[in-house]
Amino acid sequence: MNQEETPIIDDERFKNCFVSKNVNYAKRKACHPRLLSVNHIELHKSKVTRDPIAFIGLWFIGIYWKIKKKLKSFQNWLYPRKLIIYGTEKNSEIIGKLLFGQKTHDDVVPIHNMHLEFWGKTLLGSFRRFGFAISNENGEFSISFDLHACQKWYITSLRVEIYHTGNHIYKDGKPLNKYILFHTARVKKADLIGLEMDLGKLRLFYWEYDYNSPITRVIIKDHDKDAPEEYSAGRLETMEKQFIPIELIKLKHLAEIALIKGDINIKKIQKDYPLNLTQCMELKEKGITRSDDWFGERFMNGMAACDFDKDPNDSEKYWVHYHWNSYDKTQDYAMPDVDIKFKLKANGLPTPVEITLTGPLNKHELNERPKRVFLPTDGEKWMAAKRLARVSSALYTECVHHLCITHYNAEQFSIAAHRNLRLNPLTNLLFPHLKEASLVNHTADRILIGNGYISKATALTKKGILQLALQNMGTQDWKNWKPIQPISEKHTFAKTANLFWEIITSYVNDYVEENRTKIVAHWHEIYRFSEDLVAHSSPYFLCNYLTNMILDNKGNYDANKSDWYETSQRMDQSIERPIINGEKKSMSHITITKNPKDVKDEDIDNLKQACSFIMYHSSFGHTWSNSKQYDDIGEVLYCSLGLRFGTSDEGALGPESDMSIAPDLTRSTQMMWWSNMLSKTGYGFITKNEDNDINPKLIEALKAKEKDFNALGFNIDTIQSRTNI
Amino acid sequence: MDLNLKTEQVITKSAVGIVRLWFNRFILWFYTKAFTILLTIFGSLIGRKRMSHNNGIGARGKVTIVDNPKLIPHPFFEPNKTYPCRIRHAGASFNDDAMRVVRSMSIKFADDQFKSPFDLELNTGKVALFWSVASFMRFAKYKKTKYGIQYHKYYKNYPAGVKGAQSGMRRNPDSFSNLNFYSQTPLFYIGSDDVNRYAKYRVVPFEDVEETGLLDAYDMSNLSENQRILPGEKRTRNYLKEEYKKRIASGIIKYKLQIQLHTAADDDDNELFNCCKEWEEDSHPWLELAVIEIEKTLTWEESCILAFSLGNLPESLGVIPAKSIYDYNSLNYMRKNSELARKSRVWSFNLFGVPSELPDNDDRNQ
């Protein structure tokens, strides 16, 4: 095979290794252990139940919950909640004000346009509806009702129900509002005496910003109790079924590691997990995945999907950087700064021509920062340098492209959207793609970030991870954003991304234009959405190097100076940053207009851009960096998230066969568990539309381009609708 | 749950409705009787005090009906007719004139301790703090007085109560004689022409003087439940009663009794009877009805045994019937039908003596 002409990805021998499989919803077997809750997933040993007595107990609990559910369904069937209003005259009112919960920060921030219902329950268990209202811009509501109707002797209890407003499902191609009960405020029957009854300020712990976090996060103290949203039932069930087999493998390894350290090794650990892409290819041709061509292909079109900047000193070359020096680190793992130079081959794929590693690579130079340059002619050292570069790239992709750009971006948009969008048709557009992000991020806090996997498997500490996240979130902005532009015909990631971007922007444009009148009518919600998004976004960040290289003396973007700098897929440095409380913010205002009458075309365009941005990242963007994890970090020795210094003088530059460099056994099985769990489990795909909340027009638009995606080797059925794993 | 919104009205006009109406009347009767009995036992006989308005001063004089051509003729209000009268000014709650309280004026068209052809009970404030028996029960339940603070939960729940308190409470007025008092609740007025009308009454100073004691910005911003005296208050607990005695000693105190009328119509809004809503003066102007001249204060004992009742009204000027405890007219129904409590109080005073006069001491906010 002439690798100059035929990319490895097109090589027939490896075709079946590249077949992207859809996530299968596993069938649970009776003997399978149970995971009680997503909150019980743990890095070390998740809380699964396996012993027979616990099984029996769980069975009874399961029966209890099933009976309770059936009784509730029976009650709902027997006494359906009719929407007629009981009572003949509106002679009384229940008034109040909805505010966000945190007195210290949100003391006067009202919750507008929230749907409220006033219901009573009868002796026999049926419900009577007495009135409803929507809170106004100041969060005030007034529910008018007939006092005599709710004072009837058979009305036993009264309540004001507050609903999540803005969710929907699609039925026959049309969105149908789906109100989900959020909070119930009991009303004493004896307290209703006519005229107005004031429930006072109802502070709802509803999508509260976590001011203890440096990045934009929602407060969740307990996932099962006070999270502002819930996973869909289907997602929970599917997740549990898919997760158990992977968990069992990890538990087996952990047990073996604890008991018989001598017998288990990385090879055995690897063998127990499903074959990944690189292993499959190695079976066909040994060494193929360690080659320069493969290295280049994966940096361009793999999980990494790098941002290629031109070398300012040599326009024929491209470079990619991973710099870790400014983050808080331990000395348990080698984590040098990595600079890779590529050149494009005739077939359009990149090949590495130089790798520079700056930082200690063995235990003898922990307090030094030696700089080493490696070339393809360096033999085994070149192989080792590539491995370090792969590892660095994998960690960067996980922390930046995956965690920050998709997960944290989705969450910051999700918080602002759920806090402010309710009656605006924008909810139909955005909510299906923003949901569940806060929940999965909360789980990640516990088992991945913080004291989770990354701080144990890499040199980054918890502080270092937060520093990295804060800086990267400070580079996130929707304005003028577009995906990376192809640098060659073989840049399939860029082509796929742009194809998806085209679909999303067109879909968003059509949707906004179709619903423009209503969107503008409820512009106040968008104004507040924009205000929250900007005010709570991370501080603007640009590293010193780029500050010198692309900005002029006055701190303005200098296009002439930065012709080497890849501007797509990055923040537009030429636009002015909003300043909130003296601090430059990363996110731009979508609008500064409160009044619907003053809305301009520019505001509408901004809105379209912002929606396209986040919908792209939460769906396709996340799918790319998530689903390809098992391909690129599914083989421990090929690529992990960290390499140790090892016991030899060569340190991290030793060969793959030196097990003292590779992650330890526990970290190895945990990494395999991670990459399997994240890539091979999933629920909520655009084309599958399991929750019936995806606009059929988006599905149609995707399917219309299915052939184009297939030609690029991408299966549209794998595109998740939201970031929930 | 799908809340795509449809509304329909459920109309109940049936035998069930009639039964419900009588049942509601029964409940009103029951509440009134039960409240009266409890008040009699615990308030009148054991506590030997009024339910409210304990801190007051009585006086006697005369009422002369004016000749007002705008007034619909009524046999009781014969122009230029004079009735002897007794009045009593009081603070609605607490026994300290310097606290922030509603002030009252009760008028009896007779120089008698109880019997009278016409009694009126008026308070400061154009609107009341409660509007029905049901709301009054809540008012009573949520009283929870402590150190001059009361009705915290009531005001929290009921904005109308706050509005009534802000309208009715007076802080350190100069004199009872320059306050404006309102009946707030409407009564019947079936004149010589036999046309059903409703009436509200008010008493204002005879001379055109500014009302004192209105709540200032500080008091308006202060929570209504805080009725305590102001820090550094120098006025005594009895300053207002002392002032009234001095004022009468130096001359007659004159008031104007005025009336608002509304001709009953089939399409009258129920809110007409709501004592928390004023009648617009443009459509319901205040008409001069009588002049009250007060000549002499009563002794403490005479003031204590003085009792007023809405039962002392001619039928054509009497209480409007009520249908339930939520009916706006139920308040007057309860007032009218709680005479047992008043009579028991007076009886206990006659038997065991009246309570002591309030001393001018430092025991404030009581």
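Among contacts in chain A between residues at least 6 apart in sequence, what percentage join residues at least 24 apart? The share is 73%, where contact means heavy atoms within 4.5 Å.

This is a predicted model, in which local features need pLDDT of at least 70 and side-chain atom pairs count only at pLDDT 80 or more, while totals for chains, interfaces and linings use all residues. Residues are numbered from 1 along each chain as its sequence is written, chains are lettered from A and ligands numbered from 1 in the order in which they are written, and side-chain values use heavy atoms, with hydrogens and water left out.

Chain A contains 22 helices and 20 strands; helices (H or I, at least four residues) and strands (E, at least two) are DSSP runs, numbered from the N terminus. Its C-alpha trace spans about 90 × 70 × 50 Å along the principal axes.

Of the 725 residues of chain A, 59% count as buried, that is, under 20% relative accessible area (1.4 Å probe, protein chains only). Helix α10 of chain A, residues 426–434, is mostly covered, with 9 of its 9 residues buried. Among them are A:Leu426, A:Asn428, A:Phe431, A:Pro432 and A:His433. After α10(A) comes A:Glu436, which has a positive phi near 70°.

Technical notes. Buried < 20%, exposed > 50% of the residue type's maximum accessible area, 1.4 Å probe, protein only.
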